Amino acid sequence: MSSQPQREMNSESLEPRPRTPMSDAEARNWLQRTWDDGKGFTSWFQQVHHTVIGRRYIITAFCFFLLGGLLAALMRIQLSHPENHFLSPDFYNQVFTMHGSTMMFLFAVPVMEAFGIYMIPLMMGTRNIAFPRLNAYSWYLYVCGGIMLYVAFVLNTGPDVGWFAYPPLSGPDFSPGKRADFWAQMITFTEVAALAVAVEIITTIFKLRAVGMSLNRIPLFGWAMLIHSFMVIFAMPAVALDSSMLLMDRLISTHFFNPAEGGDALLYQHVFWFFGHPEVYIIFVPAMGIVSEIIATFSRRPVFGYPALVLALVANGFVGFGLWVHHMFATGLPMMGYSFFTAASLMIAIPSAVQIFCWIATLWTGRINWKTPLIFVIGFFAIFVLGGLTGVMLASVPLDTQVHDTYFVVAHFHYVLIGGALFPLFGGIYYWFPKITGRMLSEKLGLWHFWLFFIGFNLTFFPMHILGLKGMPRRVYTYLPQNGWGTMNFIATVGALFMTAGVLFWLYNIWTSYRRGPLAGDNPWGASSLEWATNSPPPIYNFDELPTVNSRTPLWTATAENPVIRGLRIDDREVLITRVLDAEPDHINSFPKPSPWPFWSAMATTALFVGSIFNGYALYIGAIPLAFTLTMWFWPKKHEIALEEAEGVRR
Amino acid sequence: MSASIANSQQPPRREIDVSALPKTVFGSGQSILWWGTMGMVVIEGTFFALLLASYFYLRTRVTDWPPAQTVPSLNFGTINIAIAVLSLIPNYLAKKAGSSFNLAGCRLWLTIMSLISIVCLFLRWFEFSSLNCMWYDNAYASVTWTILGMHTVHLITDGFDTWILNIMMFTGPIQGKRFMDVSENALYWNFVVLAWIPIYLVLYWAPRWL
Amino acid sequence: MKSISVAALLLLSLLAGCAREKRSYQDQSPYVEQAPDKVVQSDLHPGMMPPPSSYEKNVYAESAYDVAEGQKLFEQYHCSGCHFHGGGGIGPPLMDSDWIYGSDPQNIRATILEGRPNGMPSFRGKIADHQVWEIVAYVRSLSGLLPKDVSPGRSDQISLGTTPQQTHPQYEKKEQPGLNREEKPK
Amino acid sequence: MIRLFAFWAGTFNDHSVTEAMGRQAAVIAHEWWFFFAVCTTVFIITMLFLARALMKRRTVEDVPLATGPAVLDPRRERTLTIAVSSAMGVTVVTLFVLLFVSISTGASIRHFNSKNAVTIQVMGHQWWWHVIYQNTAASETLQTANEIHIPVGKPVVILTSSNDVIHSFWVPNITGKRDLIPGYSTALWIQADKPGRFRGQCAEFCGHQHAHMAFYIVAQEQNDFDAWERAQINPAVTPAPGSLQEKGMQKFMAGPCVMCHTIRGTDAGGAVGPDLTHVASRSTIAAGTLDFNHENLLKWVRNSQDIKPGNKMPAMQITDDDLNAIVAYLESLK
């Protein structure tokens with residue numbers, strides 16, 4: 001077992017609970033020492049604090065975003081004119097599959113969770129995320145899954161069956177080699193990681209809230225992450241099951257999707273879209289939380305219609321599971337069922353509309369502070385509303401049979417996902433960058449970024465609506481000159497150039513501002529939620545004193561009446577656990593210290609997953625190191641024992 | 001500094017002293033460990049539910065069920081689930097011993113639970129052969145094997161967990177949180193057994209009834 | 001250490017992947033001697049007719065794509081009409097380890113090109129050379145002569161109730177009580 | 001309305017959703033324009049409200065952030081509640097209207113069928129379309145590929161199926177798409193209201209050459225259709241002895257072509273590639289990729305992999321003489 005200097009120190013230097021009075025500086029020193037995850041190469045693999053892991057998550061997710069964007073650029077070049085030979089069909093198929101898989105599994109979901117990991121404990125006013133080691137483990141797994149996929153891609157083993165990987169095309173008969181296996185196994189990696197984070201976030205929001213933050217005072221981003229996490233928990237097992245069935249069909253000759261032996265290719269689609277549709281909301285719901293936060297802060301008033309917004313998020317969560325069949329309208333299933341799914345698909349417009357109206361109402365009555373985060377949110381409005389409306393069109397069965405699997409759909413979901421998730425996310429970066437780094441991003445470069453990206457986006461994707469109506473199917477590597485799709489495609493490619501330029505401005509902005517940007521201070525935007533109640537960047541223990549809350553906008557209503565939390569040890573990672581409903585103090589939990597075992601467990605898991613692609617025995621052999629590392633992970637630690645010996649079991 | 005951070009120079013503020021709060025709790029929904037366990041339970045429950053739904057979906061795609069095969073024989077499966085259901089009693093006692101910090105009780109009932117997990121796994125071995133098919137025969141066989149295989153994975157992990165916990169109970173060090181582990185481990189075994197009941201009915205009786 | 005072994009595993013398997021994942025459809029291979037009248041069936045011996053030197057080691061046997069193509073061609077060119085899916089019938093089974101005319105790629109190629117007595121026709125001039133090699137690779141995969149990662153998995157058709165085409169240890173089917181392979185419809 | 005948006009199309013577009021030439025596509029196009037109008041209106045109204053909200057007043061430049069947020073005026077909040085609720089009411093009503101229109105459109109498409117329809121079986125292959133006109137007499141059953149002739153104004157039922165992967169049958173001017181899923185066979189009703197030649201393309205990703213898997217529906221007057229059908233049922237013409245075509249036929253039968261293609265009336269009976277009995281009567285080759293003409297045929301037969309990489313027809317290395325002969329033979333197969 002590895003031992004760490006400060007761990008030894010803590011177990012030796014056990015003294016009675018340091019209580020007040022104690023000077024603030026002294027208390028901070030203690031907290032710093034207690035919560036410090038250490039520095040240096042070996043410590044890096046042991047760190048567990050949510051800001052550390054959250055930062056890694058955010059950076060990793062955006063690396064994958066850039067890779068996915070690069071692939072998109074390749075596709076746009078290939079499609080810029082008819083009969084282009086820039087990419088071979090084989091490579092193009094890998095590229096578009098990698099683009100979709102990267103954006104969905106390695107960027108969109110992880111980046112939302114990343115912001116959740118970083119922000120939720122701060123917003124809830126606690127010192128760390130629940131299950132911090134699991135959190136570290138999930139990041140290692142996520143990274144390993146992504147690296148595995150890209151290593152495979154570089155070695156010409158990139159999946160080439162679409163991000164949806166429908167059998168039989170992805171099955172053993174039509175996808176020889178290991179390409180589809182890597183795709184399916186990447187799903188397993190990211191699923192495990194996403195599920196772990198979902199459990200952490202639910203637990204954090206339910207049990208680690210600041211005293212006084214009853215359910216009806218949780219910030220909307222908190223609600224959004226809560227709904228997101230519940231959706232992950234119910235949706236992700238579906239795709240994990242689906243990709244497992246696909247892997248088994250491919251590797252051990254099961255017949256789930258072989259119609260000749262009683263299997264069924266549509267089973268895959270049902271299970272996939274049972275995940276795949278909620279997936280859209282999994283990506284989009286946290287973005288709604290970000291929008292709510294930004295709108296409140298920059299219109300200088302609490303968001304209008306908090307209960308309605310929360311209910312809308314919940315409704316999104318529920319209805320999102322009831323419309324998966326609208327991805328299968330072209331399969332020729334019985335019409336009766338279709339009507340139900342049309343109704344459900346239209347119904348989901350209602351919660352989205354509630355949110356849009358509430359936000360407009362907030363802006364209407366607010367005092368507007370024109371800053372880049374808000375500008376990105378305005379961009380979000382324009383794009384997302386358009387995308388939502390084309391979504392309403394797609395809900396209709398007859399229309400869907402015409403435009404399904406055409407560029408109309410490509411346009412639609414890019415409007416929804418880039419408009420509905422990426423624009424708020426960019427807004428969120430401009431909003432929270434000062435909190436995370438302590439420095440402001442440049443407003444001027446931010447405007448360049450916004451306008452290039454906004455114009456480029458619309459140039460790229462608006463023509464695709466028309467292309468779809470003019471009969472251009474998705475996932476084609478080229479098209480014929482006489483089809484008449486050349487002009488629109490060329491415009492789209494030009495738009496992609498603009499988007500690229502926008503992203504470059506953004507990167508440059510981050511690069512320079514991180515080094516030389518103006519210092520932010522604790523609360524540069526005058527925002528209301530608890531993450532702004534601490535330094536920027538937050539200390540490793542998050543808060544000098546645990547905050548308490550007396551309204552939905554705690555920093556706007558905080559008074560001297562707010563009580564102070566006393567009595568948590570500061571020589572141990574004690575965290576106050578509160579009650580689910582009213583967030584009154586309930587009990588205390590000692591949070592784990594840094595550990596190398598999440599890393600080793602992730603390595604063992606990776607070996608098992610990757611090995612099993614090549615040999616079934618990897619499942620048995622790989623289980624041994626996995627069991628060993630997991631056992632070591634949970635094995636009692638010296639300092640915990642010492643602490644408990646000092647103070648006895650507290651019942 | 002923003003408003004909610006206390007400043008010691010100012011007049012004394014109302015304090016909430018949490019130093020007397022417990023660190024070891026057993027209530028439903030009380031500890032974060034409970035929420036973690038329930039998270040796992042819900043995730044895996046969803047997985048099983050979808051797997052069973054796939055079973056019935058595949059059923060609708062063929063006329064004979066099981067296709068051209070004899071039905072699975074009941075013996076081992078029935079004995080095994082009977083043992084599993086009965087094991088809920090020692091499991092409950094283990095949970096109770098855990099939440100009352102009864103070390104001797106924990107050792108006793110955990111030992112019994114460890115042995116039961118071995119017996120269940122042993123019987124499970126024979127269950128596979130009593131399915132009367134191999135997973136590569138057809139879709140029915142594939143889904144049947146997968147359901148039973150998935151559940152076996154749960155048996156193995158929970159059995160492993162029980163063994164480790166039991167060993168810790170004997171070797172020490174004994175911590176308050178170990179007793180919480182005993183309680184959560186019992187909760188998880190309840191899930192393994194509860195999930196087993198529909199699985200048993202589907203695997204062994206659905207081929208007879210459908 | 002584990003990370004090193006993982007990396008090594010990745011590297012090894014994926015370097016192998018380069019050949020395994022090759023899609024060689026742009027290969028232009030000749031039809032072997034477009035002169036059906038020259039074919040003499042009986043006095044050919046295995047190995048007599050060396051293949052073009054570039055195919056000395058049958059590059060197509062290293063690519064999963066080509067082996068899978070071979071599998072499809074095996075059906076499309078009606079090889080399965082006599083050999084079924086490797087189980088044999090009118091023609092000899094190909095899944096076992098008995099080889100009447102030799103198991104070397106060149107032997108199998110010669111069998112396909114020149115035909116054999118008692119019914120195996122000659123396909124000389126009818127099948128592109130690289131397709132012949134693909135079929136050769138597939139035929140060899142049936143009896144487990146190819147590495148597992150290039151051998152095709154099960155195909156999307158009736159599996160004849162036999163074993164998966166991969167060489168998996170579960171082939172001890174007869175040991176399972178109550179299992180009878182013959183019960184399955186052919 | 002369609003004319004209003006004619007700038008979208010310019011000249012007539014033979015693969016466009018909005019230029020309906022079939023009964024079903026017309027119904028859907030109507031629905032499309034209705035949805036388009038409603039959604040555009042909603043979009044504009046929402047954006048106007050948003051613009052108004054943003055431009056209403058002032059920024060906070062003059063009010064320091066530290067002074068805290070606006071104090072909420074309860075009366076104004078009540079007004080907002082009423083405004084948002086009414087907007088929601090309008091939204092719900094609109095959605096119900098859209099639902100009604102959608103379902104009634106679906107119903108009018110669904111109830112469209114007939115007892116004496118032309119029945120055409122369409123099978124998807126990687127990457128071409130196998131078309132079979134079933135007839136109780138086997139000799140009257142005709143097979144063709146990548147070109148579907150139908151009579152104008154008569155209901156036609158397309159029975160779809162697939163033997164390999166999932167494809168999707170889609171002719172935008174005629175009707176919406178239908179997936180071809182292995183293990184499933186579905187019936188898709190179509191009816192062309194005007195004669196013409198309409199392009200269709202596979203709409204479900206199906207592998208390497210998904211991009212080059214097109215076909216045409218040729219809608220003809222009943223007389224023309226009958227004539228076409230009669231001609232197609234005939235076996236292939238036999239070339240005159242000693243002609244270049246005859247040499248081509250020999251090359252075809254002796255070489256690899258015969259392994260995959262069928263030419264009725266000859267020994268060629270392969271089922272891997274398209275039926276070539278009347279290939280010269282079709283307007284395109286390679287599943288709508290190339291026009292049927294001499295140069296394209298030469299190019300295609302010599303090395304189809306250059307044009308459609310990954311397709312199932314291997315590259316040929318044959319002499320120019322043989323190639324010319326084979327192409328001449330193919331051109332004679334009217």
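Q: Two strands count as paired once DSSP finds at least two bridges between them. In this predicted model, what makes β2(D) and β3(D) a pair?
A: Strand β2 (residues 128-133) of chain D is joined to β3(D) by 4 bridges. The cut-off is at least two, so the two strands pair. They run antiparallel.

Q: How many residues of chain D and of chain A count as part of the contact?
A: Chain D gives 74 residues and chain A gives 76. The test is C-beta atoms within 7 Å. On the chain D side, α1 (23-55), α2 (74-110) and β7 (175-180) each give two or more residues. The largest share, 17 residues, comes from α2(D). By type, this side of chain D divides into 43 nonpolar, 21 polar and 10 charged residues.

Q: How do you know which stretch of chain A to read with caution?
A: Chain A has a mean pLDDT of 91, and 96% of its residues reach 70 or more. Over residues 1-16 of chain A, however, the pLDDT is below 50. That stretch has 18 contacts in the model beyond near neighbours in sequence. Where pLDDT is low, predicted coordinates should not be read in detail.

How values were computed. Residues numbered from 1 in each chain as written. Chains lettered and ligands numbered in written order. Predicted model: local features only at pLDDT ≥ 70, side-chain atom pairs only at ≥ 80, totals over all residues. Contact = placed C-beta atoms within 7 Å. Nonpolar A, V, L, I, M, F, W, Y, C, P; charged D, E, K, R; others polar. pLDDT = per-residue confidence, 0-100.
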